[in-house]
Amino acid sequence: MSSFYHSCRYLLIPLLITAILLGLIEHFQEFWLNWQKTIQYMPYWLLGCATIISLQFNRSRLSYIGVLLLIFYVFSQNSTFNPKQNELILIAGGLIITVFSFIKDRGLISVHSLLRVGIILTCFLTAYLWILMLSSYSQQMLTLHQTYLPFLSASNFSRLPLYFIGTILFIKLCWNSNLLHTSLGITFLLWLIHFSFPNWLPLSVLLNMIAFFFLATVLIDSYFLAYRDELTGLPSRRALFNLSLSLGRKYSVAMVDIDHFKKFNDTYGHDVGDQVLKLVAAKLAQVTGGGKAFRYGGEEFTIVFPSKEIQRVLSDLDQVRVNIEKYNIVLREEKRKGKQDKNATKKRNKKISEKQPTVNVTVSIGCAQHQVDQNFEQCMKEADKALYKAKDSGRNQVCT
Ligand SMILES: Nc1nc2c(ncn2[C@@H]2O[C@H](COP(=O)(O)OP(=O)(O)OP(=O)(O)O)[C@@H](O)[C@H]2O)c(=O)[nH]1
């Protein structure tokens with residue numbers, strides 16, 4: 001369920017937005033056609049900005065593609081391509097986008113830049129060789145086409161490598177969906193649309209859309225970097241203090257701490273400890289009663305109940321405590337050592353999956369209600385005192 005939610009958030013929703021945007025742009029064509037001159041200049045600015053900002057935020061793949069799209073746009077404004085050149089650019093572009101979805105972001109001025117330039121040239125060379133093969137061995141290709149893929153039109157057959165890599169890119173997006181990959185997928189889609197339906201929407205409009213997605217990716221990613229905890233996915237301490245500014249007079253705060261977590265780490269290792277932190281975070285995120293969970297730091301979490309008195313949240317907190325206590329955590333061994341340990345890890349994994357050992361953790365919770373003349377930090381301190389009380393009284397309980 002959570003992976004479906006993840007796919008929806010990072011893949012299906014942006015794809016839906018793209019489809020809606022395309023529909024709206026087409027529907028309101030007569031309005032924006034009056035602005036066509038301005039729209040024609042916009043890709044220079046928008047793509048230029050997207051390229052520079054992506055670079056600033058270490059999203060060099062978007063910068064590379066932004067620069068290539070700008071170069072293509074400049075050329076297409078000043079000259080026309082013949083059909084073979086068109087096919088070459090289409091296939092090479094598709095290849096570059098797909099390969100870029102498999103490599104990592106690196107600084108622009110580094111040894112990796114040479115590799116990226118090499119990749120771009122190789123993609124052009126591969127597309128060129130395919131086009132050359134189509135024309136040099138036209139008879140053999142025609143036989144191949146008619147024997148194995150007769151349902152494809154001649155133009156679709158010549159784009160076969162593109163459809164093949166498009167499928168690979170789509171599988172990659174489903175497998176490992178994040179905003180950057182989705183942005184690359186949408187670029188691929190709009191690229192294909194431009195070459196398949198050249199008279200549908202002007203290139204400038206499609207490039208403006210791509211620039212919009214690049215900018216949105218960088219901005220949303222930076223927001224998550226600033227306000228989300230990377231390990232657990234919960235909002236971070238910064239997000240907690242942001243929320244505190246918008247709280248009214250009535251609210252309750254709970255501090256949650258995993259019991260004997262040091263011992264747990266020492267027994268099972270830091271990687272398993274991380275797994276447990278993620279699972280506890282997932283349970284805390286499901287707290288009822290309108291509570292919002294945050295990772296405060298280390299193995300400590302905070303839950304804020306806006307507009308709630310303490311008496312109304314204690315049962316919700318106790319329920320979440322029981323949920324965590326009852327949850328059987330299946331231990332999964334993670335790859336945490338070098339290659340030499342691979343075989344040993346495989347053996348361990350096999351053993352674990354045979355026996356499926358499980359562990360349980362408990363949490364202690366301290367809760368306080370905001371008092372008049374108290375600020376947020378003071379209220380948290382009260383919750384922290386209650387947490388110590390819960391620890392001193394034997395742990396695995398909620399105290400006020
Ligand atoms: N795996 C993992 N461990 C962490 C992380 N952050 C903090 N810890 C560990 O959490 C443990 C906290 O231990 P303590 O503060 O001594 O408390 P405790 O063992 O939970 O004991 P009580 O709170 O008294 O029940 C330390 O061992 C930290 O190394 C993290 O991100 N991942």
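Modeller: Two strands pair if DSSP finds at least two bridges between them; a strand is a DSSP run of E, at least two residues, and a helix one of H or I, at least four, both numbered from the N terminus. This is a predicted model, where local features need pLDDT of at least 70 and side-chain atom pairs count only at pLDDT 80 or more, while totals for chains, interfaces and linings use all residues. Residues are numbered from 1 along each chain as its sequence is written.

Colleague: OK, what makes strand β2 and β3 a pair?

Modeller: Five bridges join β2 (residues 292–297) to β3 in the antiparallel sense. The cut-off is at least two bridges, so they count as paired. Gly 297 faces Glu 300 of β3, and with two residues between the strands you get a hairpin. Gly 298 sits in that turn with a positive phi of about 50°.

Colleague: How do you know which strands β1 pairs with?

Modeller: Same test. β1 (residues 251–258) runs antiparallel to β6, with seven bridges, and it is also antiparallel to β3, again with seven bridges. Ser 252 has Phe 305 in β3 as its bridge partner. On the β6 side, Met 255 stands opposite Gly 366 and Val 256 opposite Ile 365.

Colleague: Why is β6 described as largely enclosed?

Modeller: In β6 (residues 363–369), seven of the seven residues are buried, so the rest of the structure largely encloses it. That covers both directions: Val 363, Ile 365, Cys 367 and Gln 369 point one way, and Ser 364, Gly 366 and Ala 368 the other. For β3 (residues 300–306) the count is five of the seven, so that strand is largely enclosed too.

Colleague: What makes β6, helix α17 and β7 a left-handed unit?

Modeller: It's a β-α-β unit, with α17 covering residues 376–392. Right-handed would need a clockwise path from the first strand over the helix to the second, with the strands pointing away from the viewer. This crossover is left-handed.

Colleague: How do you know which residues surround the ligand?

Modeller: The C-beta atom, placed from the backbone, has to lie within 6 Å of the molecule. There are 17 such residues, and the closest are Asp 259, Phe 261, Lys 262, Gly 273 and Gly 298. β1, α13 (261–268) and α14 (270–285) each give the shell at least two residues. By class it has eight charged, five polar and four nonpolar residues.

Colleague: What does the transmembrane region annotation cover?

Modeller: The unreviewed UniProt entry lists several spans, including 38–55 and 62–81; such annotations may be inferred rather than shown by experiment. In the model, residues 38–55 are 100% helix and 0% strand, with end C-alpha atoms 26 Å apart. Residues 62–81 are 85% helix, with ends 25 Å apart.

Technical notes. A residue is buried if 20 or more other C-beta atoms lie within 10 Å of its own, exposed if 12 or fewer, and partly exposed in between; C-beta atoms are placed from the backbone. Ala, Val, Leu, Ile, Met, Phe, Trp, Tyr, Cys and Pro count as nonpolar, Asp, Glu, Lys and Arg as charged, and the others, Gly among them, as polar.
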